[in-house]
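Work through the exercises below with the sequence and the coordinates at hand. Each task is followed by a stepwise solution.

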Amino acid sequence: MRWSELFADLEAQLDAANRVELDAQVADRTRRERAAVSWTDRAASALGAPLTVHTPCGPVRGSLEDLGADWLLLDEQGNGRLGSAVLPFSAVLSVTGLPVRSTDGRGLGRRFGIGVALRAIARDRGAVAVHDIHRGVVVGTVDTVGSDHLDIAEHPADAVRRSGVLTGHRAVPFRAIAVIRRG
């Protein structure tokens, strides 16, 4: 065997070993990058997209309108409903419709948490339906929002909050909320 053939064979072996090592590095880097992406990063890339969010009180379908530090806002119009739904991340069991990868969504969305979002709902004074994680529903107006709960004045959805129509008052811990809907 000639020296040049021997050296060419060694060069080919080194090239093959380098390719195997590079492929392993790329695969490892890809796994690490995917491991750093949360489902909420993928959701931030899906603004405007139709999603189905599975919760303890059933699926919620709509286009992703907004998201915050620990909540999603879905527009349910066109799904037999006329309004929007706020869902705390803690009530999300699974999501259908997320993009396979996060494009530029990491870090997007509102920085404020569910408490701030609920205080805005309370200021609006509109009737809401609060669905809990055990499929219970309370309808009324959010009166106050504490650090870990909301207080709701119970009344029929089609009635304006007045003392004559109130049927009760209830405190609902954030951890018990699955979906908050308004019409």
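The model is predicted: local features need pLDDT of at least 70, side-chain atom pairs count only at pLDDT 80 or more, and totals for chains, interfaces and linings use all residues. Residues are numbered from 1 along each chain as its sequence is written, and side-chain values use heavy atoms, with hydrogens and water left out.

**Exercise 1. Describe the secondary structure and the surface of the chain.**

Step 1. Helices (H or I, at least four residues) and strands (E, at least two) are taken as DSSP runs, numbered from the N terminus. The chain has three helices and ten strands.

Step 2. In sequence order the pattern is α-α-β-β-β-β-β-α-β-β-β-β-β.

Step 3. Buried stands for under 20% relative accessible area, exposed for over 50%, and partly exposed for values in between (1.4 Å probe, protein chains only). Of the 183 residues in the chain, 34% are buried.

Step 4. Accessible areas come from the Shrake-Rupley method with a 1.4 Å probe; for residues, only the protein chains shown count as cover. The accessible surface of the chain is about 11100 Å², and carbon and sulfur atoms account for 53% of that.

Step 5. A contact means heavy atoms within 4.5 Å. Of the contacts between residues at least 6 apart in sequence, 52% join residues at least 24 apart.

**Exercise 2. Find the aromatic pairs and classify their geometry.**

Step 1. Rings of Phe, Tyr and Trp (its six-membered ring) pair if their centres lie within 6.5 Å; planes under 30 degrees apart are stacked, over 60 edge-to-face, and the rest tilted.

Step 2. Tryptophan 39 and phenylalanine 89 have ring centres 5.1 Å apart and planes at 65 degrees, an edge-to-face pair. This pair links distant parts of the chain, 50 residues apart: tryptophan 39 is in helix H2 (residues 39–44), and phenylalanine 89 is in the loop between strand E4 (84–88) and strand E5 (94–96).

Step 3. Tryptophan 39 is partly exposed at 30% relative accessible area, whereas phenylalanine 89 is buried at 17%.

Step 4. Tryptophan 71 and phenylalanine 112 have ring centres 5.6 Å apart and planes at 25 degrees, so this pair is stacked. Tryptophan 71 belongs to strand E3 (residues 71–75) and phenylalanine 112 to the loop between E5 and helix H3 (114–124), so the pair ties together parts 41 residues apart in sequence.

Step 5. Tryptophan 71 is buried, with 5% relative accessibility; phenylalanine 112 is partly exposed, with 32%.

**Exercise 3. Examine the phi angles of arginine 125 and arginine 135.**

Step 1. Most residues other than glycine have a negative phi.

Step 2. Arginine 125 has a positive phi, near 65 degrees. Its place is the loop between H3 and strand E6 (127–132), and its relative accessibility of 39% makes it partly exposed.

Step 3. Arginine 135 also has a positive phi, near 70 degrees. Arginine 135 sits in the loop between E6 and strand E7 (137–145) and is exposed, with a relative accessible area of 57%.

**Exercise 4. Locate threonine 167 and list its contacts.**

Step 1. Threonine 167 is in the loop between strand E8 (149–154) and strand E9 (168–173). Threonine 167 is exposed at 64% relative accessible area.

Step 2. Leaving aside neighbours within four places in sequence, threonine 167 is in contact with Glu154 and His155.

Step 3. Proline 156 is eleven residues from threonine 167 in sequence, and their C-alpha atoms are 8.5 Å apart.
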